[in-house]
Amino acid sequence: MKKFVDITDFTREELREAINLVTFIKDNQHMYTKEMENRTLVSAFFEDDRNAKMTFATAVTRMGGSFFEFQQREGETLRDAVMTMSSCGDLIVLKHPKKGAARAASLYATIPVINAGDGDRAYPVKTLADISSVWIEKNHISNMKIGFVGDFSNNALVRGLLQCLNIYKGNEFYFISANGKPIPDDFISIMDK
């Protein structure tokens with residue numbers, strides 16, 4: 001896979017394959033201790049997210065690879081930064097405050113790009129982790145009653161989960177707004193599809 005920028009980049013079949021792989025790796029971690037051997041992950045976090053950064057660093061290290069943190073120079077464009085990263089590593093994990101930055105980076109990169117979050121648009125890795133957790137716990141993703149509680153304005157995590165859960169049949173969604181604001185229109189259009 002050249003990029004993992006948005007959860008909607010997956011078809012239903014590809015999403016199922018990814019969930020199967022996540023489940024298999026979780027149950028067979030010992031088989032993946034050399035998967036990233038002689039490979040380097042470029043950690044490009046333009047927004048601080050210690051937990052996500054540590055998660056990727058730990059994962060690549062446990063799979064036998066290495067990582068380094070990319071530091072952008074003042075005035076350097078995203079395109080120039082990505083081209084530099086492409087020449088130094090085998091995989092870029094990017095977290096950026098601007099919407100669409102990960103997709104733009106994937107166009108400039110000559111190595112795979114994983115979106116660890118771009119503004120309030122998408123967090124596909126967290127979405128995949130959450131949907132995989134549902135599968136591991138329930139052994140299915142259809143015909144469920146799913147509740148969301150919190151602030152839904154510009155909530156990329158909930159949007160991503162809705163996009164995944166909506167492609168499976170029979171799911172019902174319930175929303176409890178912590179701040180009394182209505183459900184965003186894009187959530188409704190995802191569910192209407």
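Where is the place of N155? In this predicted model, N155 falls in the loop between β6 (145-150) and α6 (156-165). Helices (H or I, at least four residues) and strands (E, at least two) are DSSP runs, numbered from the N terminus. N155 is buried, with a relative accessible area of 19%. Buried here means under 20% relative accessible area, exposed over 50%, and partly exposed in between (1.4 Å probe, protein chains only). The N155 side chain reaches the backbone nitrogen of L157 at 3.2 Å.

The model is predicted, so local features need pLDDT of at least 70 and side-chain atom pairs count only at pLDDT 80 or more, while totals for chains, interfaces and linings use all residues. Residues are numbered from 1 along each chain as its sequence is written, and side-chain values use heavy atoms, with hydrogens and water left out.

The secondary structure of the chain comes to 7 helices and 7 strands. Along the sequence, the pattern reads β-α-β-α-β-α-β-α-β-α-β-α-β-α. Along the principal axes, the C-alpha atoms fill a box of roughly 45 × 40 × 25 Å. Of the 193 residues, 43% count as buried. Among contacts between residues at least 6 apart in sequence, 66% join residues at least 24 apart. Contact means heavy atoms within 4.5 Å.

An open sheet of 5 strands has the order β1-β5-β4-β2-β3, with parallel pairing. β1 (3-4) and β3 stand at its edges with a single partner strand each, so one side of each is left without a neighbour in the sheet. Two strands pair if DSSP finds at least two bridges between them. Strands of a sheet pair through backbone hydrogen bonds, either parallel or antiparallel.

Which residues cover the two faces of β2? T40, V42 and A44 lie on one side, L41, S43 and F45 on the other, and all are buried. Thus 6 of the 6 residues of β2 (residues 40-45) are buried, so the strand is largely enclosed by the rest of the structure. β2 pairs with β3 (residues 66-69) in the parallel sense over 4 bridges. T40 stands opposite S66 in β3. The chain passes from β2 through helix α2 (residues 50-62) to β3, and this β-α-β crossover is right-handed. Right-handed means that, with the strands pointing away from the viewer, the path from the first strand over the helix to the second runs clockwise. β2 also runs parallel to β4 (residues 91-96), joined by 5 bridges. There, A44 stands opposite L94.

The bridge partner of L41 in β3 is F67. Helix α3 (residues 78-88) packs on the sheet, touching β2, β3 and β4, and its direction makes about 150° with that of β4. Axes are lines fitted to C-alpha atoms, for helices over the stretch in contact, and angles run from 0 to 180 degrees between N-to-C directions.

Strand β5 (residues 113-118) is mostly covered, with 6 of its 6 residues buried. β1 and β5 run parallel and are joined by 2 bridges. F4 stands opposite I114 in β5. β4 and β5 pair in the parallel sense over 5 bridges. The bridge partner of V93 in β5 is I114. A right-handed β-α-β unit is made by β4, helix α4 (residues 101-108) and β5.

D118 lies in β5. Is D118 buried or exposed? D118 is buried, with a relative accessible area of 1%. Its side chain makes a polar contact with the side chain of N115 (3.3 Å). A polar contact is a pair of N or O atoms within 3.5 Å; within protein, one must be able to donate a hydrogen and the other to accept it, and residues adjacent in sequence count only if both atoms are side-chain atoms. Not counting residues up to four places away in sequence, D118 touches H96, K98, K99, G100, A101 and A102.

K98 is found in the loop between β4 and α4. K98 is exposed, with a relative accessible area of 56%. Leaving aside neighbours within four places in sequence, K98 is in contact with D118 and G119. K98 and P182 are 84 residues apart in sequence and 25 Å apart in space, C-alpha to C-alpha.
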